[in-house]
Number of protein chains: 2
Amino acid sequence: MSSARDKTNDRIAALQSMLCVGLDSDPAKIPAVFMTMDRPVLEFNRAVISATRDHAVAYKVNTAFYESRGMSGMRDLEGTLELLPPECLSIADAKRADIGNTSRQYAKAFFEAWPFDSITVAPYMGFDSLEPFFEYEEKLVFVLCLTSNPGSNDFEEQHLQDGRPLYRAVLEKVSHWQRNGNAGIVVGATKPGLLQDLRHEAPDLFFLIPGVGAQGGSMQHAVEQGADSARRSAVVNVSRALIFPEGEFRSVEQFEAAVGKEARDLHDSMKSML
Amino acid sequence: MSSARDKTNDRIAALQSMLCVGLDSDPAKIPAVFMTMDRPVLEFNRAVISATRDHAVAYKVNTAFYESRGMSGMRDLEGTLELLPPECLSIADAKRADIGNTSRQYAKAFFEAWPFDSITVAPYMGFDSLEPFFEYEEKLVFVLCLTSNPGSNDFEEQHLQDGRPLYRAVLEKVSHWQRNGNAGIVVGATKPGLLQDLRHEAPDLFFLIPGVGAQGGSMQHAVEQGADSARRSAVVNVSRALIFPEGEFRSVEQFEAAVGKEARDLHDSMKSML
């Protein structure tokens, strides 16, 4: 049993939602109403979580946006983790991996020191760089596969001698490396046809699908092509388009209302597909 | 002019050393004499730095060993950076990279919030995931190329359709992506013949060479095959074999003497090759 996976699939079924809220909480974009508070990013995250928790099945904390502010950012990362609803999947979007003894420390960081349910990891260094994460059988480990950015063409989509692009070799190996169904992959919503192919090839993996919204991917493709045959086992991340709604906000309540409306709209559209 | 690169090459020439001290400061391995102190890891690092600073040209801080202890680890990372001798290259061994807007935040984290001279980054996501690091022209950006671990065979050494292994495609692209000579690559000392080939193909890149010591690579191969034609532009990292010498230490002074002897021996052997 993979508890993080089961918890998430239970919530997907109960809510009829695959919404993952991406907390890419860039201080330069946070509404002015938060900026006079003691901890603007933490209070902003609290408002986003409050406005979205009835619609979300997962929250993704992008470590870069916290590390970029040094120690005060790390305090906000820790504080944000404590605010996440326990019924939702918490994802440390950390893209870590290194040689085995070092990956063991990264796993300890994001599964113990900061007890997230799941993490994103990078495959370049191979099996022993990912094994320490997979050893946590109750967690979910999302390996980068085919990402949503233009640079995915540089290496990920390069063809190997057997004709497969690199990201398919990653997909296949990850399927063998998982323990107890605790592996996932990151596949961008900006590649709709390929998303369907990957789901076909990997019916049992959990999918984390970024790229909807600011990056241009379609929610409909993401949900319809990313879900498994039981219409579960995928979460679709929305960050900028959800947490930074347009407009001026005179109060936290106004901001929460705007984010809540976005989240409800996303949830409604997912309901109609699931 | 790339100031981090020039600074390091000046010191390589002055000291006749390529020694990079890897601060993989695992609390489980730190001598007992430090463990009763207020901040054992920071005091351990202070002792290692004090014992090695006449022999080292670079210090590599492995972020995993700090993140694994949560906030107190991050405080030690920040404190350690402040202890590093300004004449030495400081390397954030962070293996980061993500889509462009996120990599920009990682670059800000390790070049501004924590002002390291250089960082290690992972190539899987391609150009736009690395560009924000290269934009800091005065820094050094070490891209993972051919690493020292067994898993390097899973993807790095897989052959592309044009016959080249993936790591050669990485090498070639990185050479084009650098700005002002600010690119480096990570090549493991555990692959001596390949190290020589890569130096031949990339005469202008800076090399960070891990894998000597606990991982089994030879210092002689690393120095002789990693250096450029001017006998510069490479640093050879030693972590466990240097900072955790065998024996019992009753005082910080005894520990420093043991580490200092290791560092001097490594320096002497490098002098004879340079």
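Predicted model: local features only at pLDDT ≥ 70, side-chain atom pairs only at ≥ 80, totals over all residues.
A residue is called buried here if 20 or more other C-beta atoms lie within 10 Å of its own. A rotation of 180° with 0.0 Å of shift along its axis superposes chain A on chain B, with an RMSD of 0.0 Å, which is the relation of a two-fold axis.

**The contact between the chains**

- The same surface serves both copies, since 100% of the contact residues of chain A recur in chain B.
- Chain A brings 51 residues to the contact, and chain B brings 51 residues.
- On the side of chain A that touches chain B, the elements giving two or more residues are α4 (64-67), α5 (70-83), β3 (89-96), α6 (100-113), α7 (127-134) and α8 of chain A.
- The element that gives the most to that side of chain A is α6(A), with seven residues.

**Helix α8 of chain A**

- Helix α8(A) has 12 residues and reaches 17 Å from its first C-alpha to its last, which is close to the 16 Å expected at 1.5 Å a residue.

**The nonpolar core**

- The largest nonpolar core has 187 residues, and those that touch the most other members are A:Val143, A:Val236, B:Val143 and B:Val236.
- In soluble globular proteins, nonpolar side chains tend to be buried together.

**Strand β4 of chain A and its partners**

- Strand β4 (residues 118-121) of chain A is covered on both faces, with A:Ser118 and A:Thr120 on one side and A:Ile119 and A:Val121 on the other, and all of them are buried.
- Strands β3(A) and β4(A) pair in the parallel sense over three bridges, and A:Ile119 in β4(A) is the bridge partner of A:Ala92.
- From β3(A) the chain crosses through α6(A) to β4(A), in a β-α-β crossover that is right-handed.
- Strands β4(A) and β5(A) also pair in the parallel sense, over four bridges, and A:Ser118 stands opposite A:Leu140 in β5(A).
- From β4(A) the chain crosses through α7(A) to β5(A), and this β-α-β crossover is right-handed.
- A:Phe133, in helix α7 of chain A, counts as buried because it has 28 C-beta neighbours inside 10 Å.
- Leaving aside neighbours within four places in sequence, A:Phe133 is in contact with A:Ser103, A:Ala107, A:Ile119, A:Val121 and A:Val141.
- A:Phe133 and A:Val121 are 12 residues apart in sequence, and their C-alpha atoms are 8.6 Å apart in space.

**Strand β7 of chain B and its partners**

- From strand β7 (residues 206-209) of chain B, B:Phe206 and B:Leu208 point one way and B:Phe207 and B:Ile209 the other way, and all are buried.
- Strand β6 (residues 183-187) of chain B pairs with β7(B) in the parallel sense over three bridges, and B:Ile185 stands opposite B:Phe207 in β7(B).
- Together, β6(B), helix α9 (residues 192-201) of chain B and β7(B) make a right-handed β-α-β unit.
- Strand β7(B) pairs in the parallel sense over three bridges with strand β8 (residues 234-238) of chain B, where B:Val236 stands opposite B:Ile209.
- A right-handed β-α-β unit is made by β7(B), helix α10 (residues 219-226) of chain B and β8(B).

**Two residues with positive phi**

- A:Ser233, a residue other than glycine, has a positive phi near 60°; A:Ser233 lies in the loop between α10 (219-226) and β8 (234-238) of chain A, and counts as buried because it has 23 C-beta neighbours inside 10 Å.
- B:Gln16, also a residue other than glycine, has a positive phi near 55°; B:Gln16 is found in the loop between α1 (3-15) and β1 (19-23) of chain B, and is partly exposed, with 16 other C-beta atoms within 10 Å.

Conventions:
Residues numbered from 1 in each chain as written. Chains lettered and ligands numbered in written order. Core = buried A, V, L, I, M, F, W, Y, C linked by C-beta atoms within 7 Å. Buried ≥ 20, exposed ≤ 12 C-beta atoms within 10 Å, placed from the backbone. Pairing = 2+ DSSP bridges. Right-handed = clockwise from strand over helix to strand, strands pointing away. Least-squares fit on C-alpha atoms with pLDDT ≥ 70 in both. Contact = placed C-beta atoms within 7 Å. Expected span 1.5 Å × (residues − 1).
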